[in-house]
Amino acid sequence: MLILQVNNDEMVALQREPNNPYDKNAVKVNNMNGDQVGHIKKELAACLAYIMDNKLAIVEGVVPRGADNAFTMPVQLSFWGKEENKQVLLERLKMHGLKLAPPGKFSGFGFETGRTSGRGRTRYNAPSHGAIQMTTEQLKTEFDKLFEDLKEDNKTCEMEAAKAVLTPLLPHQKQALAWMILRENNNDLPPFWEERNNLFYNTIIHFAERNRPENVLGGILADDMGLGKTLTMIAVILTNFHNGKPLPLEKKIDQMEEKHIPTAQKDLQAPNCGLQLNASNSKEESDSLPSQSSRSYPKRVMGKKSKCTISSGAENEQEVAEQIKTKGKKPKSRARKRKLDDAPVQPKKNEVDNVRGTLIICPVSVLSNWIDQLEQHVDPNIQLNTYVYYGSERNKDLTVLSKQDIVLTTYNVLATDYGTRDNSPLHKLKWLRIVLDEGHTIRNPNAQQTKAVLDLNAQRRWILTGTPIQNSLKDLWSLLSFLKLKPFTDRLWWQRTIQRPVTMGDERGLKRLQSLIK
């Protein structure tokens, strides 16, 4: 049996194992990766099983001395639960001859690593409550200060966008562009990781492993509404492809009258959904700056534009699609286009790499804004392959989707496809980049759209939101999980090392949060 190394002061997780053939009360001890490093001794497991099964408390462990990898190691237990369950928990411990030790006077007990049994002591530590819990107003003040400090730190370096971006960036957008490209190209270890003795060590959990944790290639752009986050993101897409070079784009050959953003003329339209690229009457205002949205741009098309309005009051996306369909008909073009929906859906189950594609996910209320912004800010003479994945007849051909530079869709469409699993082409592609506009939309970890977003595969990940924390610190977990920041992809470790310490006023928790945000 392979026994995994446990470090001094390493945090461990306890997991019930009711189907264990040798003991129905079995409790496993797992490391940060979820690998078993031992099990709680039988006499103690009988007590803990009742507490865990009846949700009287969350039981957590820390191994104070584990580096010697003895057959039996001490573990310090903490119980976290509601006040109304405290008395029942204490009585259950007393029934087994156990009691909680005063805070800071841990005696310890043993858990087995798999080879032998040792005798453990019978005193258990209650969590220290020395820190005063902060009020909602105090927490909000601290959060605001963290994000303000972050904005100040970014005012050091500027960068110009690629030539394909027609609109000149303002200083704060150049600063954001420089920071975002630095984030996409970084080779640093993620926060709280160090390399020690040929191992990668997590400084919060005190866990070590041989495999290098993945770099976080992306982040959260939390500029306030109206500061042009959309334009900044377009600049990132066109400026940073691979190895710091711009996205390679060809000039258009056929520029006969077309009513589309400068995209691949074959692959842009989603037939029959009626969404035209001049659908600019969304009730949600563009977040571009007035000076940028009001300037004149070269005419891209000839003839009268057909307009449509996307109502933010529509009950669902099907209703919105029908609304768009009836507002205007697609203009006829002399340019010959292939009808995408005639192409068969690929029956592939494995992922397909899209080494150049960016998937942009947004609420339906700002879908037309993205289309307008691309039309407004991108050079009309270049061929930027863009497809709006929306509507009941959206194309699901992986071959077509994998050739796009940009694919636009909505959270509801993504969640609908994800619900059918095998019918979700966006999950079968590995994207170069995924962008979540109004990223706080995924703040509820139990929502279908959040699960759909977290299951996407990409090299780089960005969240655009003016309000990363809307109601409480809980809102941040889904965002950090989307960024694939280990170990915070597991909600257990987020709650244990960041969320709970911060809400209890623990200064260490605030410092960790600050390090994460930066």
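A salt bridge is taken here as a side-chain nitrogen of Lys or Arg within 4 Å of a carboxyl oxygen of Asp or Glu. In this predicted model, Glu-60, Arg-496 and Arg-500 are joined by such contacts into a network. The structure contains 11 salt bridges.

Among them is the pair Glu-160 and Lys-174, whose closest N and O atoms lie 2.9 Å apart. This pair links distant parts of the chain, 14 residues apart: Glu-160 belongs to the loop between helix 3 (136-153) and helix 4 (171-184), and Lys-174 to helix 4. Glu-160 is exposed, at 53% relative accessible area, whereas Lys-174 is buried, at 17%.

Glu-209 and Lys-486 also form a salt bridge, with an N to O distance of 2.8 Å. Here 277 residues separate the partners; Glu-209 is in strand 11 (residues 207-209), and Lys-486 is in the loop between helix 13 (475-482) and helix 14 (491-503). Glu-209 is buried at 10% relative accessibility, and Lys-486 is partly exposed at 27%.

In the salt bridge between Arg-356 and Asp-405, the closest N and O atoms are 2.4 Å apart. Arg-356 lies in strand 13 (residues 352-362) and Asp-405 in the loop between helix 9 (398-401) and strand 15 (406-410), 49 residues apart. Arg-356 is partly exposed, with a relative accessible area of 22%; Asp-405 is buried, at 0%.

In helix 15 (residues 507-517), the buried residues are Gly-509, Leu-510, Arg-512, Leu-513, Leu-516 and Ile-517. Viewed down the axis of helix 15, these residues fall within an arc of 160 degrees and therefore line one face of the helix. Exposed residues Glu-507, Arg-508 and Lys-511 are carried on the face turned away from the buried side.

Note on methods:
Residues numbered from 1 in each chain as written. Predicted model: local features only at pLDDT ≥ 70, side-chain atom pairs only at ≥ 80, totals over all residues. Heavy atoms only, no water. Buried < 20%, exposed > 50% of the residue type's maximum accessible area, 1.4 Å probe, protein only. Helix = DSSP H or I, 4+ residues; strand = E, 2+ residues; numbered from the N terminus. Arc of directions from axis to C-beta.
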